[in-house]
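Could you walk me through this model in my viewer, one selection at a time? I would like to know what to pick next and what I will find there.

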Amino acid sequence: MSAKKRILIIGGVAGGATCAARIRRLCEHCEIVIFEMGSYVSFANCGLPYFIGDVIVEEDKLLVATPELFKNRFKIQVCTDTEVISIDRDTKSIVVNDKKSDQNRVEQYDALVLSTGASAVWPEISGIDLPGIYALRTIPDSRKIRSALNNIKNVVVMGAGYLGLELAENLVKRGIDVTLLQSSNQILPMLDKEMSSFIEKHITKQGINCRLNSQVTSFKQNQDQRLTITLSNDETMITDAVMISVGVKPRAELAIQAGLEMGEHGGVRVNEHMQTNDPNIWAVGDMVEVRHVITEKWYLFPLAGPANKQGRIAAAHIVGHEFAGESTNMSYRGVQGTSVCGLFDLTVATTGVNEKQLKAAHFTDYEKVYLHPSNHVGYYPGAKPIHIKLIYNSQNGKVLGAQALGESGVARRIDVISSFIQMNATVYDLEEAELCYAPQFGATKDPVNLAGMIAANQLRDNHPLARWEELMESHVQVVDGPEQDDAEQLLALILDDPYNQAQIVDVRTVAEYQNKHIPNAINVPLDSLRERLDELSREREVWVVCGVGQRAYNATRILQQNGFKVKNLSGGMQTYHSYLDTQP
Ligand code: FAD
């Protein structure tokens, strides 16, 4: 081992603290100093919304590690309330400001790690800096918000990403009326709209007033200290407080000042070892851009898991780079967008790409399936549906992404699919995945297997699928016709109409059909389908629908083997309703 080296780390929370501890585990002899401009290191920012909601009651629980622990256990010096204000790459030094004494000093480094995180996007709206408008990033922020909540009856949350929704939920749990404003036409933009509309309904049922396409143009303070919010349609609303949660941006000022290479999204560019274009400086966490494993595009992915992994990888490389000898055989594989959120007993999770991203990238070689299996076998008490959308490459079956939501077992399924994506797996691999089973945990065909089986059957061409958007665009618009149970007349109408691509055959029971059905769908229950084949036209495709897609799959097989051109409307009426909710 060469002479003792000095490694300085800027930012002492997820990426920085992890990196520091890992460096120590790899190198007992180097000097490690963390500079953190806040008063806490290694705190649980992910727990802050639950501290607001009183789910986490004691503030101490948010402190994962303290400066004392770093000193005693890891021999790492932590300088809190110390802001790094500049980097001089030529002299390999930084200037730090001790905020308590307001004294500046210069610190030399052999290796420098930046993990300065992200800051809340603070939109340029008139009145945005008024009292009563908050963003949640730190423990002091959460204290301020908690104390304000004592006098608050209603809150407007601006932004319906994960954090905005977690905040909304926690405020509702404290008995506060919440209005959620989202500028786009859907909540949770990481999901496709037909999936997010499910959550939108769910949170509305829990009392959140969810307003889409709502852009704030100004805030004004009233005499009674409350705030008047004006929207772009000139509508106004009065509220006690506002939470801004419209996204984050890399806190990259230091990197820019140091002249490090930056990416197109405002994050620092790093290589697979998290090393910047300066060989003595590494950067990790929310401030860096990362490659998406599927699209291979640069991307900002400000979540805690990547920050931690990147911190470890930077540590391994620094130790190898500086001291030679330790293995540096670690590199960052990129992100695949895996994330999860719990909302009022519902879990929503996603991994890989969504359909919007594929469309934006003009990638057309994909297919998708919807399914709604139970989290575990139906005969064991308490089975709950999981709503899943799986997206895969239609040429080679490679799994591209999945979204799921439900009350139980959601995160496990997305984690499994995420692991398969990381291993470049296909739907044929999902089909064969050996997953644990006992009645209370799953099924012999786990939802992950089922997703793989449906997709693999589609690729083998023994289970063709129709896309719901095609139905929405054509068939459903033709509604002026005879009574829907007059099958003969209805079929004639469908066949006459050039806009109808197919005859829709609903294979549920008569009772289910009568309860609700797709306009112009013909009802031929599955159990009588074989006897009633002559009632269907062979001139047009048959699109089969049932409750969730399973009976329609059996019907598809019957019809296919009887010479019909047939497709299954994947996910059945469950998915139909989700799509209906996406219609303007
Ligand atoms: P941070 O952990 O933010 O640490 C950066 C630190 O750098 C800060 O403490 C800052 O004070 C310090 N710093 C910045 N500039 C300087 C400077 N010039 N000098 C000294 N110090 C400086 N992620 C999830 O995966 N799941 C979740 O459920 C989740 N929930 C979240 C909830 C909230 C309220 C917040 C705020 C974040 C949440 N995140 C969640 C995101 C996650 O916390 C971040 O992705 C992660 O902390 C990023 O790690 P980081 O090291 O890049 O930045």
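Here is a tour in stops, from the ligand to the cores and then to single residues. Keep in mind that this is a predicted model.

**Stop 1: the ligand**

The shell holds 29 residues, and the closest are Gly15, Glu36, Ser115, Asp286 and Ala304. Sorted by class, that shell has 15 nonpolar, 9 polar and 5 charged residues. Colour by secondary structure and look for α1 (14-26), β4 (82-88) and α8 (304-323), each of which supplies at least two residues of the shell.

The side chain of Ser115 places a polar atom 2.8 Å from an oxygen atom of the ligand. From the backbone, an N or O atom of Met37 is 3.0 Å from a ligand nitrogen atom, and an N or O atom of Leu303 is 3.3 Å from a ligand oxygen atom. The ligand taken alone exposes 990 Å², and the protein buries 88% of that area.

**Stop 2: the nonpolar cores**

Which residues touch the most other members of the largest nonpolar core? Select Ile187 and Trp468: among the 58 residues of that core, these two hold that position. Helix α5 (residues 162-173) gives this core its largest share, 6 residues. A second, separate core has 55 residues, including Ala17, Ala20, Phe35 and Val335.

Stay on Trp468 and show its contacts. Beyond its neighbours within four places in sequence, Trp468 is in contact with Tyr370, Ile518, Val545, Leu569, Ser570, Gly572, Thr575, Tyr576 and Tyr579.

**Stop 3**

Is Leu471 buried or exposed? Its relative accessibility is 0%, so Leu471 counts as buried. Draw a C-alpha to C-alpha distance from Leu471 to Tyr576: the two are 105 residues apart in sequence and 9.4 Å apart in space.

**Stop 4: Glu289, a buried charged residue**

Select Glu289 in the loop between β18 (281-283) and β19 (290-291). With a relative accessibility of 0%, Glu289 counts as buried, because buried means under 20%. What does the side chain of Glu289 reach at 2.5 Å? It is the backbone nitrogen of His265. The side chains of Glu289 and Arg269 are also joined, by a polar contact of 3.3 Å.

**Stop 5: Gln182**

Move to the loop between β11 (177-181) and α6, where Gln182 sits. Gln182 is at 9% relative accessibility and therefore counts as buried. A polar atom of the Gln182 side chain lies 2.8 Å from the backbone nitrogen of Ala160. Apart from residues up to four places away in sequence, Gln182 touches Gly159, Ala160, Pro189, Arg211, Leu212, Asn213 and Ser214.

**Stop 6: Asp429**

Select Asp429 in helix α11 (residues 427-432). Asp429 counts as partly exposed because its relative accessibility is 33%. A polar atom of its side chain lies 2.7 Å from the backbone nitrogen of Thr426. The C-alpha atom of Asp429 is 8.7 Å from that of Asn449, 20 residues apart along the chain.

**Stop 7: two loops with positive phi**

Finish with a look at backbone angles. Asp102, in the loop between β5 (93-98) and β6 (103-108), has a phi near 55°, a positive value in a residue other than glycine. Gln225, in the loop between β13 (216-221) and β14 (227-231), has a positive phi near 75°. Asp102 is exposed, with a relative accessible area of 57%, and Gln225 is exposed at 52%.

Definitions and conventions:
Residues are numbered from 1 along each chain as its sequence is written. This is a predicted model: local features need pLDDT of at least 70, side-chain atom pairs count only at pLDDT 80 or more; totals for chains, interfaces and linings use all residues. Side-chain values use heavy atoms; hydrogens and water are left out. A nonpolar core is a set of buried Ala, Val, Leu, Ile, Met, Phe, Trp, Tyr and Cys residues joined through side-chain atoms within 4.5 Å. Buried means under 20% relative accessible area, exposed over 50%, partly exposed in between (1.4 Å probe, protein chains only). Helices (H or I, at least four residues) and strands (E, at least two) are DSSP runs, numbered from the N terminus. Contact means heavy atoms within 4.5 Å. A residue is near a molecule or strand if one of its heavy atoms lies within 4 Å of it. A polar contact is a pair of N or O atoms within 3.5 Å; within protein, one must be able to donate a hydrogen and the other to accept it, and residues adjacent in sequence count only if both atoms are side-chain atoms. Accessible areas come from the Shrake-Rupley method with a 1.4 Å probe; for residues, only the protein chains shown count as cover. Ala, Val, Leu, Ile, Met, Phe, Trp, Tyr, Cys and Pro count as nonpolar, Asp, Glu, Lys and Arg as charged, and the others, Gly among them, as polar.
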